[in-house]
Amino acid sequence: MCKSRYYDVIAVGVSILVGIGLTLLSAFNLITVGLLTPVFGVLLGAFSLLVLTLGAASLLRQNQSVNHCVYSRGKRLLIPAIWLVIISAFTMIFALTNLIIGLILAFLLFTLISLTFFGLYCFLSCLIRAGHDDCSHEQR
């Protein structure tokens with residue numbers, strides 16, 4: 001999946017569908033959102049940024065395939081992780097009582113959590129397969 005040239009379109013589309021589905025479930029009180037989702041969002045975003053920082057600062061970047069993984073997959077992880085931390089922190093700081101704004105923030109949180117999971121999966125799977133001969137020449 002991560003090697004597909006349509007990865008960005010597929011990941012964003014699936015993340016939006018997941019965001020819509022989970023927002024509808026939370027709107028009908030079938031799942032509890034509360035303060036747990038923003039806390040999970042901050043933790044996931046911080047973990048993703050930590051993994052990305054460790055991968056970028058590693059001495060293994062001297063290997064061309066690892067360097068390619070950090071460069072190509074790191075961009076796909078960095079942007080949703082930073083936005084996830086920002087939106088989660090905003091949601092935790094400003095406890096909103098308006099239902100519409102709360103649902104919009106829940107949709108953004110669920111979508112960004114899903115997109116960060118996709119990016120983290122692709123980044124880690126690329127790093128794991130980096131030294132293997134069949135996987136080092138990925139499609140770009």
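The torsion about the S-S bond that joins C2 to C122 is about -80 degrees, and the disulfide is therefore left-handed. Here a disulfide is understood as a pair of cysteine sulfur atoms within 2.5 Å, and in this bridge the sulfur atoms of C2 and C122 are 1.9 Å apart. Because C2 lies in the segment before α1 whereas C122 belongs to helix α4 (residues 99-128), the pair ties together parts that are 120 residues apart in sequence. Both ends of the bridge can also be described by their accessibility, for which buried means under 20% relative accessible area, exposed means over 50%, and partly exposed covers the range in between, with a 1.4 Å probe and protein chains only. C2, at 6% relative accessibility, counts as buried, and C122 is buried with a relative accessible area of 1%.

The structure is a predicted model, in which local features need a pLDDT of at least 70 and side-chain atom pairs count only at pLDDT 80 or more, while totals for chains, interfaces and linings use all residues. Residues are numbered from 1 along each chain as its sequence is written, and side-chain values use heavy atoms, with hydrogens and water left out. The pLDDT, which is the predictor's confidence in each residue on a scale from 0 to 100, averages 86 over the protein, and 91% of the residues score at least 70. Confidence is highest in helix α1 (residues 7-27), at a mean of 93, and lowest in helix α3 (residues 64-93), at 89.

The protein contains 4 helices and 0 strands, and from the N terminus on its elements run α-α-α-α. These elements are DSSP runs numbered from the N terminus, where helices (H or I) need at least four residues and strands (E) at least two. Along its principal axes, the C-alpha trace spans about 55 × 25 × 20 Å. Of the 140 residues in the protein, 37% are buried. When contacts (heavy atoms within 4.5 Å) with a separation of 6 or more are considered, residues 24 or more positions apart account for 83% of them.

In total, the count comes to 2 disulfides. Besides the bridge already described, C69 and C126 form a disulfide in which the sulfur atoms are 2.0 Å apart. Its S-S torsion is about -80 degrees, so this disulfide is left-handed. Since C69 lies in helix α3 and C126 in helix α4, the pair ties together parts that are 57 residues apart in sequence. C69 is buried, with a relative accessible area of 2%, and C126 is buried as well, at 1%. If the bonded cysteines are numbered in sequence order, the pairing reads 1-3, 2-4.

A search of the whole structure for aromatic pairs finds 1. It consists of F40 and F117, which form a tilted pair with 6.2 Å from centre to centre and 40 degrees between the planes. This pair links distant parts of the chain, with F40 in helix α2 (residues 36-57) and F117 in helix α4, 77 residues apart. In this analysis, rings of Phe, Tyr and Trp (its six-membered ring) pair if their centres lie within 6.5 Å, and planes under 30 degrees apart count as stacked, over 60 as edge-to-face and the rest as tilted. F40 counts as partly exposed at 39% relative accessibility, and F117 counts as partly exposed at 40%.
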